[in-house]
Amino acid sequence: MKIQPLADRVLIKPAPAEEKTVGGIIIPDTAKEKPLKGEVVACGKGTKDEEMVVKVGDQVLYGKYAGQELEFEGVKYLIMRQSDIVAILA
């Protein structure tokens, strides 16, 4: 089974949050900032009003509260509309 987004939705694998230490203190996962970039792993075919610009393999930036989190086979993903993506990294 695999996930195939519909219409203008995109499935993104978020980049791992960077682990930071402050003076030897490790910041817990709950205090880490949510990553704002990731890789497109699947995308829909678009709609008659909106053509898909992103493609599988693109590195993208998205808004802080964009998308819905889901977990599939132990891997965490975000699914969001293409319009929630703010940039494609070259």
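Modeller: Asp58 is buried, because its relative accessible area is 10%, and buried here means under 20% relative accessible area, while exposed means over 50% and partly exposed lies in between, with a 1.4 Å probe and protein chains only. Before going further, please note that this is a predicted model, in which local features need pLDDT of at least 70 and side-chain atom pairs count only at pLDDT 80 or more, whereas totals for chains, interfaces and linings use all residues. Residues are numbered from 1 along each chain as its sequence is written, and side-chain values use heavy atoms, with hydrogens and water left out.

The side chain of Asp58 meets that of Lys55 in a salt bridge, at 3.4 Å from N to O, the term standing for a side-chain nitrogen of Lys or Arg within 4 Å of a carboxyl oxygen of Asp or Glu. Lys55 counts as exposed because its relative accessible area is 53%. By this rule there are 2 salt bridges, and one of them joins Asp8 to Arg81, with the closest N and O atoms 2.8 Å apart. This pair links distant parts of the chain, since Asp8 lies in the segment before E1 and Arg81 in strand E7, 73 residues apart. Strands, like helices, are DSSP runs numbered from the N terminus: a strand (E) has at least two residues and a helix (H or I) at least four.

Asp8 itself deserves a careful look, and its segment comes before strand E1, residues 9–14. Asp8 is buried because its relative accessibility is 7%, whereas Arg81 is partly exposed because its value is 36%. The side chains of Asp8 and Arg81 also form a polar contact of 2.8 Å, which is a pair of N or O atoms within 3.5 Å; within protein, one must be able to donate a hydrogen and the other to accept it, and residues adjacent in sequence count only if both atoms are side-chain atoms. If neighbours within four places in sequence are set aside, Asp8 is in contact (heavy atoms within 4.5 Å) with Gly46, Thr47, Glu50, Met52, Met80, Arg81 and Gln82.

Ala7 sits in that segment before E1 too, and its phi is near 50°, a positive value in a residue other than glycine. Most residues other than glycine have a negative phi. Ala7 is partly exposed because its relative accessible area is 31%.

Leaving out residues up to four places away in sequence, Val10 touches Pro5, Val40, Ala42, Cys43, Met52, Val54, Leu78, Ile79, Met80, Gln82 and Ile85. Val10 belongs to the largest nonpolar core, whose 12 residues are Val10, Ile12, Val40, Cys43, Met52, Val54, Val60, Tyr62, Ala66, Leu78, Met80 and Ile85; such a core is a set of buried Ala, Val, Leu, Ile, Met, Phe, Trp, Tyr and Cys residues joined through side-chain atoms within 4.5 Å. The elements giving two or more residues to this core are E1, strand E4 (37–43), strand E5 (59–62) and strand E7 (75–81).

Strand E5 also holds Leu61, which is partly exposed because its relative accessibility is 30%. Leu89, in strand E8 (residues 85–89), is likewise partly exposed because its value is 35%. Apart from neighbours within four places in sequence, Leu89 is in contact with Lys37, Gln59 and Leu61. The C-alpha atoms of Leu89 and Lys37 are separated by 9.1 Å, although the two are 52 residues apart along the chain.

To place this part in its setting, the protein chain has 0 helices and 8 strands, and buried residues make up 26% of its 90 residues. Among contacts between residues at least 6 apart in sequence, 65% join residues at least 24 apart.
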